[in-house]
Amino acid sequence: MKIIPIPKDTAFSDRCVEVKKTVTYIDSSLEKEEYILKICENGTINISAGSESGIFYAKQTIKQLKKEYGSSLPVCIIRDKPDFEYRAFMLDCARHMFPVDEIKKLIDAMAFLKLNKFHWHLTDDQGWRIESEKYPKLNTVAAVRKHSDFGKNFEEGPYGRVYTKNELTQIVSYCKERFIEVIPEFDIPGHTSALLAAFPELACGNKEVEVKTHQGIFKDVICPAKEESIDTVLKIFDEICEIFPSEYIHIGGDETPSKQWESCPECQALMQKLGIKDYHEYQNFFMNKVIAHLSEKGKTCIVWNDAAKGKNLDSRAVMHYWKENDKATLYFANGGGKLILSPFSYYYTDYDYDITPLNRTVSFNPMLKGLNSKESILGLEVPIWTEYISDNERLEKMLFPRAIAVAQTAWGGNVDYHHFLMKFNSCKDILEEMGIQLGDVWLWKNKRTAMPVGWLKFLKRNYSLDYIKNQLK
């Protein structure tokens, strides 16, 4: 049996039968995504599941059985359920946008892999991608950069637009049919150059800001001391919530330089009034207002684990772990907080395969060193950032097959790399039939397990020295 994610419990006979019909029903004694799949001697497939999503996942398993065995399937029983309730993929469309049809193709592939969350990174320094009726400048000024200069990839002329509300709701509906929740991200208070280009009055000193044309970490951040800042941000989040009915919403919180706050009289006065001396805590003071507001709307906020450096983050937030070996994140989790894991040196699929080969992604163990309980882990997420990815082919080849490895760990737990490869073929063939282009085969079998020197060269070529030091702490 060559199925990925590998099912939990199976019993197969040597007898194969022609399938005559499929019968499905809901069994309330099963967990929501749990299913029991029986292929009977009489050719009937019986699927019982805790909900319609469980039935959907059982059908994905059947697809792989048919690919391996053909029209005659083995008499068997498969009982299966996921290790983690949150199993996600992330697509950055702020740096480079991708057509709705391409996004739908990715959604089909991820649903087939039993992933159930789509984290859509829609705002950043290099562009704003969510159509707004309340703030039309977001659709024009914030959405368009003068040109694009990402490393070796220079594109002359203006770039960018927003996804219309029709396009956004199309994706939400498409995902819902496949039991995937769309989680939008509006990144605050840093990574906001595009927002501040439209609304410079939200910056410290009302400084004019341009939508950024290249990668990096920029000093342009929202001024938390201005009432207009929080008012505008909350109204934008309200509009985002009207489009995305998700339980979760991502509010960023990563890579926020404090330089402008340090020289802003209004920020200094507010910090003194609040008794805050730490800029990480000052950032969280602002983010906590957003978390409280969105909590009242029934939303759970997700933040990048940079925010863990401030010890005052609202405990209702979920921490998104990308910076590795971070003691503050472990402190948050061991104190009762929940984590989503996207460790950058294992799961960031925009890194070349010679930096993060497939076997490294397969090898990641979610039980972080120093974490007291696996119960602190909400789930796993495979991200792809697109500063250096502008076309569909490269997007897919960088994501796959590494996304398959993340899906395996999220649903079925860790497996040996060679075991993973042995189970891989049916899954690979079906993805290719969907039109998904996978990375070159020789890259999958890279035997390296240690971080290569190429990783440091990559960082030095593309990031500042301060950024590199932060990653190596």
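**Ground rules.** I am working with a predicted model, where local features need pLDDT of at least 70 and side-chain atom pairs count only at pLDDT 80 or more, while totals for chains, interfaces and linings use all residues. I number residues from 1 along each chain as its sequence is written, and side-chain values use heavy atoms, with hydrogens and water left out.

**Overall build.** Helices here are DSSP runs of H or I with at least four residues, strands are runs of E with at least two, and both are numbered from the N terminus. The C-alpha trace spans about 80 × 45 × 45 Å along its principal axes.

I then looked up burial: 61% of the 473 residues are buried. Buried means under 20% relative accessible area, exposed means over 50%, and partly exposed lies in between (1.4 Å probe, protein chains only).

**Salt bridges.** How many salt bridges does a search of the whole structure find? I got 28. To count, a side-chain nitrogen of Lys or Arg must be within 4 Å of a carboxyl oxygen of Asp or Glu.

**Glu181 and Lys117.** In this salt bridge the closest N and O atoms are 2.7 Å apart. I traced Glu181 to strand β12 (residues 181-188) and Lys117 to strand β7 (residues 117-121), so the pair links distant parts of the chain, 64 residues apart. Both partners are buried.

**Lys165 and Glu239.** Here the closest N and O atoms of the salt bridge are 3.4 Å apart. Lys165 counts as buried because its relative accessible area is 17%. Glu239 is buried too, with 4%.

**Asp352 and Arg394.** My next salt bridge has its closest N and O atoms 3.5 Å apart. Asp352 sits in the loop between α11 (344-347) and α12 (358-363), and Arg394 is in helix α13 (residues 392-399), 42 residues apart. Are these two buried or partly exposed? Asp352 is partly exposed at 27% relative accessible area, and Arg394 is partly exposed at 30%.

**A network.** I also noted that salt bridges link Asp92, Arg95, Asp124 and Glu387 in a network.

**Contacts.** Last, I checked contacts, meaning heavy atoms within 4.5 Å. Of the contacts in the chain with a separation of 6 or more, 73% are between residues 24 or more positions apart.
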